[in-house]
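Biologist: I would like to go through this model with you. Could you put it on the screen?
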Amino acid sequence: MSTTSALLAFAALRPDLAQRGRVLSLQGLQLPVRIGVHDFERGGPQRMRFDVDVCVDLQRAHARTDRLSDTFDYDAIRDMIRHLATQQHFELQETLCDAILAWLLQQPGVLAARVRTAKPDVYPDCEAVAVERVGLRP
């Protein structure tokens, strides 16, 4: 999903986000993750792809000063995913996806987020198996 379509998708859920938010995206992060319920998945880590869109309040990501301290840092998203994805074995993608989304929605200035996880190497006849969640801050 492109950043533009992510903003439109968030705005469809909550119209004020089109004027109030800026979407930051982290696309295609790939990590080895211990995940899965099948015997063939339990032999070791498998490759996962993470795509995240975060709608941040423009007051928090305004870009008027051109300083990293005045926006939401991509490093925080990447570091958190790396930490969550490597600290334990997950049975389900849904569990990991939900944990990432919950963390994002707790961050100051985050108004909405979309998380997509994919396991590209599970089945030889499929591009990937994937899970996606969207959440809005209340």
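Biologist: Where is Asp-66 found?
Modeller: Asp-66 sits in the loop between β2 and α3. Helices (H or I, at least four residues) and strands (E, at least two) are DSSP runs, numbered from the N terminus.

Biologist: Before we continue, what kind of model is this?
Modeller: This is a predicted model, in which local features need pLDDT of at least 70, side-chain atom pairs count only at pLDDT 80 or more, and totals for chains, interfaces and linings use all residues. Residues are numbered from 1 along each chain as its sequence is written, and side-chain values use heavy atoms, with hydrogens and water left out.

Biologist: Back to Asp-66, then. Is it buried or exposed?
Modeller: Asp-66 counts as exposed because its relative accessibility is 74%. Buried means under 20% relative accessible area, exposed over 50%, and partly exposed in between (1.4 Å probe, protein chains only).

Biologist: What is its phi?
Modeller: Asp-66 has a positive phi of about 60°, although it is not a glycine. Most residues other than glycine have a negative phi.

Biologist: Let us turn to the fold. How many helices and strands does the protein chain have?
Modeller: The protein chain has four helices and four strands. Along the sequence they follow the pattern α-α-β-β-α-α-β-β.

Biologist: Which residues touch the most other members of the largest nonpolar core?
Modeller: They are Phe-50, Ile-81, Leu-96, Ile-100 and Leu-104, out of 29 residues in that core. A nonpolar core is a set of buried Ala, Val, Leu, Ile, Met, Phe, Trp, Tyr and Cys residues joined through side-chain atoms within 4.5 Å.

Biologist: Which elements each supply at least two residues of this core?
Modeller: They are β1 (21–33), β2 (46–57), α3 (74–86), α4 (93–105) and β3 (110–119). The largest share, six residues, comes from α4.

Biologist: And what is Phe-50 in contact with?
Modeller: Leaving aside neighbours within four places in sequence, its contacts (heavy atoms within 4.5 Å) include Leu-26, Leu-29, Leu-31, Ile-81, Leu-96 and Ile-100.

Biologist: Now Lys-119. Buried or exposed?
Modeller: Lys-119 is buried, because its relative accessible area is 7%. This lysine lies in strand β3. Not counting residues up to four places away in sequence, Lys-119 touches Glu-41, Met-48, Gln-93 and Val-129, among others.

Biologist: Where is Val-129 placed?
Modeller: Val-129 is in strand β4 (residues 129–136), and at 23% relative accessibility it counts as partly exposed. Val-129 and Thr-117 are 12 residues apart in sequence and 8.4 Å apart in space, C-alpha to C-alpha.

Biologist: What about Trp-103, which residues does it touch?
Modeller: Trp-103 touches Phe-72, Ala-76, Ile-77 and Met-80, not counting residues up to four places away in sequence. Its place is in helix α4, and with a relative accessible area of 24% Trp-103 is partly exposed.

Biologist: Last topic: how many positive and negative side chains are there?
Modeller: The protein chain has 17 positive and 18 negative side chains, with the centres of the two sets 5 Å apart. Lys and Arg count as positive and Asp and Glu as negative, while His and the chain ends are not counted. The place of a charge is taken as NZ of Lys, CZ of Arg, CG of Asp or CD of Glu.
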